[in-house]
Amino acid sequence: MIPSGTRTRGLNISSYNYLGFAQTRGGCADAVEACINRYGVSACGTRLEGGSLDLHTQAEALVARFVGQEDSMLCSMGFATNSTVIPALVGKGSLVISDELNHASIRFGVRLSGANVRTYKHNNMKALENLLREVISQGQPKTHRPWKKILLIVEGLFSMEGTMANLPVIMELKKKYKFYLFIDEAHSIGALGPHGRGVADYFGINPRSIDILMGTFTKSFGAAGGYISGSRALVDRLRLSAHTGTYTESMSPPVVMQVIASMASIMGISPTLSSSAVTPRAEDTIDMEPFPGKAPMAILPSWMPLSPTMVDGSDGSMRLRRIAFNSRYLNRGLRKLGFITYGCDDSPVVPLLLFNPGKMAVFSRMMRTRQVPIIVVVVAYPATPLVTSRVRFCVSAAHTKEDIDMLLTACDELGDLLDLKQGQGDRWPLKEIIDRAVELVNAPGDA
Amino acid sequence: MSTTVSSLEPLFTLVAQSYETLETTFYKIPGSAVIARYVKSSHRDDPGRTLLEVILIIFAIRTLLQSRTKAEASGKHFIDFSEKEIDELVDEWTPEPLTKHLDEVERVDLDSVPLIVGPSGPKPKLANGKSVLNLASYNFSGLQGNQAIKERCVDILRRYGLGSCGPPGFYGTQDIQLQLEQDIADFLGTEGSILYSQAFSTIPSVIPAFCKRGDIIVADRGVNFAIQKGLQISRCTVRWYDHNDMQSLQHVLESVEKERIKKNWPLTRRFIVTEGIFDHDGAMSDLPKLVELKLKYKYRLILDESVSFGSVGRTGRGLTELYNVPASQVDMLIGSVANGLSATGGFCAGSHIVVKHQRINGTSFVFSAAMPPMMTVAASEGINILRETPSILTTLQENVRAVRTILDKVDCITIPSHPASAVIHINVRPASPPPAQLLSPTPQSPALPASPMSPLSPSSAKLSNPTSVFPRHPEHFDMEQEERFLQDIVDDALAQGVLITRAKRLRGQELIEARPSIRLAVSAAMSKKDCEKAANVIKASCVKVLGKRR
Ligand SMILES: Cc1ncc(COP(=O)(O)O)c(C=O)c1O
């Protein structure tokens, strides 16, 4: 990588900045600045060896509230949240069932764990059930002893496909086949659901019925690192037995602050009278609102600057509304133009199929050399199968409707030029899509 | 014979018929005549080519259809069950709980983890409101809390925001991250370096990026947990040498060469993997000897300087500076930005090729978000400060000496760490040696740990087996009892206002159980007087707790 030395301003439709919290101004940045001045940048060590700060426990209490679990644990890297925790959950004699398109960090962790792995066809619930029936009836290879436990690992929102885990069916299967469920919400947390609380929120499923909810702060929260959440007993076990607590540096204070501030923004803050404990744990505050409630003031750092839009939750709810609109608008707009896209309408990840690997570089370059350059990510083999090369857009709440209009216009032109409009179904001309955007977005169904 | 022929006859007609229909349908497809003509003429010119093309087409179709993740085949052990039987088996199956509850010891262990309220540093405040002297947290050069760094960070926050919002390959790379990579490379004197966003996750990705199945790694028996995980992922052939014993290393290198010739192994990539200063005991590697051996036997050297980078050498460059060995002699030099520069993340420094290779093969580099720009700037600023103020490292070394001068004289403990190491491990000296020996000042007092030879592997004794991670002369110790003593010391010191910690381990998950120890991390930010004060408190606690034994 050699910097060209020149600067070009473009429209970024590639970064994971779903809620637009990667900002240099505003409530979160103010809180982070206050934190830098107070704490410096390092927590100086691992969680178990003198690197635990009050900020960490405060953030853990807040994350638990946010996702609707009893407790949570932070990790300073999203990748490591998977790769260092999964080995503490399963080992020899256990089986991991993994969606074939699961992220590399999950595969890394599973390999370290020493557990057996089986994969099933992406999001295919019939294949999953068949596999479950096979592995439970057959037991462990050769010995046919019953498995100690079976852990199903799926992603909430798949980052290359824009598809969502079929949670309602998985919950049914879970009842019947008694496996444990681990959901990686790296892309779905914050970005999906009416309250931004991820896939469980989207499907209206009680988060506590899911054993482990994992997620990262790199995407929706504009921070870094990840969390793992579940029952108190489970999280306490992981604090000791996962590699994280013993060996990885704890999250640095400004990053924790960004997490706290952006989460509190999404939740809104409820003033509580209970005295602020130094080491709050998830359920210590008595007057807690039922999930998905606001963030109790008592578990936030007392010195944290609060902006009015953060307190009343209007900042967060505006972001949630905007990302919901932008996602649907782009998904449906592209399809009305005649493109083939993957994933569901509400996904902020929008893969547009190019099919021919030869068109990738052309597409990317033509986007970049437009008058207002548009920065896109093109993905091909080996990240995707050879014939389904694609360009992947990541919508953000920070995009305006004009930004999406501009993207649609560019796609419309390139689509004709490169012969990409292979989709079936009703087509609208570009102008109509732009003019009737609200109607398009509000139309019912996954049309 | 003839009966089989007659029974096959209808089959032949069927084949002939379907061939005919196939042919006619084929010619109905527009453009098919062109293909047929092309195949015919090319077949006439060169029959071999037709075969090649057919194979190519089949291969292409297979590649296209192949699922990217192959399921584990159930193989010949598969038992056929009816649906009903499967239902019964499903009903009968009861899984174990997902995780075991903590037992009492573990509960106490977790609850005794100190919590710092407010910023970390040499004198942090704890949850009970008391200020303590901190010898637990990693802050070697005292960069944590530095005002200039804070100001730079705020400036970057206002220009770049906090998160990088994506993996380096997906527009997560920002100019100042590349700047830190360059700064590290310049600081160490390598061609380049690459940043990972967590120190622990660096080496488990670096090792498998270069070492594949069939390659040979010769590793120290005492390597840290991260390296162990890297070796596990890489699946290469590992041979072990005794902890920090260069004679043993040489012996293993020779035995590998013999084995290679005897078993007629193909020439593969070969690596020596070890640490600069060892995480589990603070011992220091003899770098010049390592380099000599790696050159002699044609190995590459992967050196983990997670503890030594930022803590030894005139300006904190680590072992290469201390021993005056050019960093280019170390093929992959891994360091911790988190410990060494009080920011977050880790790096691997080396040649351009080594760095470039990792940009697409370092798993946790490719698949994880880039480091927040603010952290990279904090680290760049840290490097500047280290370069410009060599007195920081002088102070650090003076502090280390001050602590060691006091602790080395304590009879009831042993210190396996190198005298220059800012990480100091304290072991319980077993109570068993006869009193007579304790009275006479023996030369085996801990004033001699500088020798790189482990006292446990006298070269006259029989050598350990290189294929096993276990040494021939394992250390014997009562783990539970020692851990208990050490925790008592930690608690006692805390009551006297000194924060220290036991070295936490993942018991049951490590290849070799390290001897229980207290791990001190000395910092340049502390005054010499405070260091002496803290060391005296630790000394008193050791004597108090260990004096009561038996
Ligand atoms: C599903 C999933 N899990 C984990 C990660 C890793 O997170 P991070 O980038 O924070 O290390 C990613 C990031 O790309 C991801 O997509």
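These exercises work through the strands and helices of chain A in a predicted model.

Local features need pLDDT of at least 70, side-chain atom pairs count only at pLDDT 80 or more, and totals for chains, interfaces and linings use all residues. Residues are numbered from 1 along each chain as its sequence is written, chains are lettered from A, and side-chain values use heavy atoms, without hydrogens and water.

**Exercise 1.** Find the order of the strands in the open sheet of chain A, and state which strands stand at the edges.

*Solution.* Start with the terms: strands (E, at least two residues) and helices (H or I, at least four residues) are DSSP runs, numbered from the N terminus. Two strands pair if DSSP finds at least two bridges between them. Seven strands of chain A form the open sheet, in the order 2-8-7-6-5-3-4, with mixed pairing. Strand 2 (71-75) and strand 4 (116-120) of chain A each have a single partner strand, so one side of each is left without a neighbour in the sheet.

**Exercise 2.** Is the pairing of strand 2 of chain A with strand 8 of chain A parallel or antiparallel?

*Solution.* Strand 2 of chain A and strand 8 (residues 226-230) of chain A run antiparallel and are joined by five bridges. Within strand 8 of chain A, A:Y227 stands opposite A:L74.

**Exercise 3.** How are helix 12 and helix 14 of chain A placed against each other?

*Solution.* The axes (lines fitted to C-alpha atoms over the stretch in contact, with angles from 0 to 180 degrees between N-to-C directions) are compared first. For helix 12 (residues 314-337) and helix 14 (residues 401-418) of chain A, the axes come within 10 Å and cross at roughly 20°. That makes helix 12 of chain A roughly parallel to helix 14 of chain A. Angles under 35 degrees count as roughly parallel, over 145 as roughly antiparallel, 65 to 115 as roughly perpendicular and the rest as oblique.
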